[in-house]
Amino acid sequence: MKTITPAAQTLPTTVGSAELEEPQQYLTFMLSGETYAISILRIKEIIQYGQLTEVPRMPAFIRGVINLRGAVVPVIDLSARFGKLPTAIGRRNCIIIIEVAMGEETQSVGVMVDAVNAVLEIPAGEIEPAPTFGTNIRADFIAGMGKINGKFVIILNIQYVLSMDDMSALAAVGSGSAAELIKAE
């Protein structure tokens, strides 16, 4: 029978701490000339932009819906969601399909971006807290600032960016532009 020494009893805590320091993987993408990142744990898939059906009377940041293997998936223009100009359609545009928690269920939501870059590992020690000022998007949308090759990448808190309650409230307002609605928050 193996005996456990006091040093061995502290091992799980040490292992747990080491696991927290392991690099996390993030998908980086371009949006209005800036680089952003999302944890790959939320990403279901990436598809080419196309076959979008517009839905009348939706805010500007909801581009429409797509049929993804029989499921209706709303597509959010992330640039418009941030209060910027809507994304111009080009050949590199992609839709990132993300799973968002809604209570006990999950909802697939498409996020339209200018271009997808790469999946990168960012160690926890290379992630700074979100700035309280100076960014052009809401502070609660930012999970942190990752350092990659000496430059900062905005890591999005996608659960807040795609908050269904928040977007439902904006959609209910209806006719106002997304930029006006977001600034009013």
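In which loop does Gln-51 lie? Select this residue to begin: Gln-51 sits in the loop between strand 3 (43–48) and strand 4 (62–68). The model on screen is predicted. Gln-51 has a phi near 55°, a positive value in a residue other than glycine. Most residues other than glycine have a negative phi. With a relative accessible area of 76%, Gln-51 is exposed, because the cut-off for that class is over 50%.

Next, select Ser-32, in the loop between strand 1 (24–31) and strand 2. Ser-32 also is a residue other than glycine with a positive phi, near 55°. Its relative accessibility is 39%, so Ser-32 counts as partly exposed.

Strands of a sheet pair through backbone hydrogen bonds, either parallel or antiparallel.

Start with strand 8 and step to strand 1. The two run antiparallel and are joined by seven bridges.

Move on to strand 2 (residues 34–39) and strand 11 (residues 151–156). This pair runs parallel, joined by two bridges. Ala-37 stands opposite Ile-155 of strand 11.

Then go to strand 10 (residues 142–148), which runs antiparallel to strand 11 and is joined to strand 11 by six bridges. Ile-142 has Leu-156 in strand 11 as its bridge partner. Strands 10 and 11 form a hairpin with two residues between them. In the turn, select Asn-149, which has a positive phi of about 50°.

**Salt bridges**

How many salt bridges does a search of the whole structure find? The search finds five; three of them are visited here. Side chains of opposite charge can pair when their charged atoms come close.

Select Lys-84 and Glu-34, whose side chains meet in a salt bridge at 3.2 Å, N to O. Lys-84 is in the loop between helix 3 (78–81) and strand 6 (94–102), and Glu-34 is in strand 2, so the pair ties together parts that are 50 residues apart in sequence. Glu-34 is partly exposed, with a relative accessible area of 24%.

Select Lys-44 and Glu-99 next. They form a salt bridge in which the closest N and O atoms are 3.9 Å apart. Lys-44 lies in strand 3 and Glu-99 in strand 6, so this pair ties together parts that are 55 residues apart in sequence. Both ends are partly exposed: Lys-44 has a relative accessible area of 44%, and Glu-99 is at 33% relative accessibility.

Finish at Arg-63, found in strand 4. Is Arg-63 buried or exposed? Arg-63 is buried, with a relative accessible area of 18%, because the cut-off for buried is under 20%. Arg-63 forms a salt bridge with Asp-77, the closest N and O atoms being 3.0 Å apart. The pair links distant parts of the chain, with Arg-63 in strand 4 and Asp-77 in strand 5 (residues 71–77), 14 residues apart. Asp-77 counts as buried at 0% relative accessibility.

Not counting residues up to four places away in sequence, Arg-63 touches residues including Tyr-49, Leu-52, Val-75, Pro-86, Ile-89 and Met-112.

Technical notes
Residues are numbered from 1 along each chain as its sequence is written. This is a predicted model: local features need pLDDT of at least 70, side-chain atom pairs count only at pLDDT 80 or more; totals for chains, interfaces and linings use all residues. Side-chain values use heavy atoms; hydrogens and water are left out. Two strands pair if DSSP finds at least two bridges between them. Helices (H or I, at least four residues) and strands (E, at least two) are DSSP runs, numbered from the N terminus. Buried means under 20% relative accessible area, exposed over 50%, partly exposed in between (1.4 Å probe, protein chains only). Contact means heavy atoms within 4.5 Å. A salt bridge is a side-chain nitrogen of Lys or Arg within 4 Å of a carboxyl oxygen of Asp or Glu.
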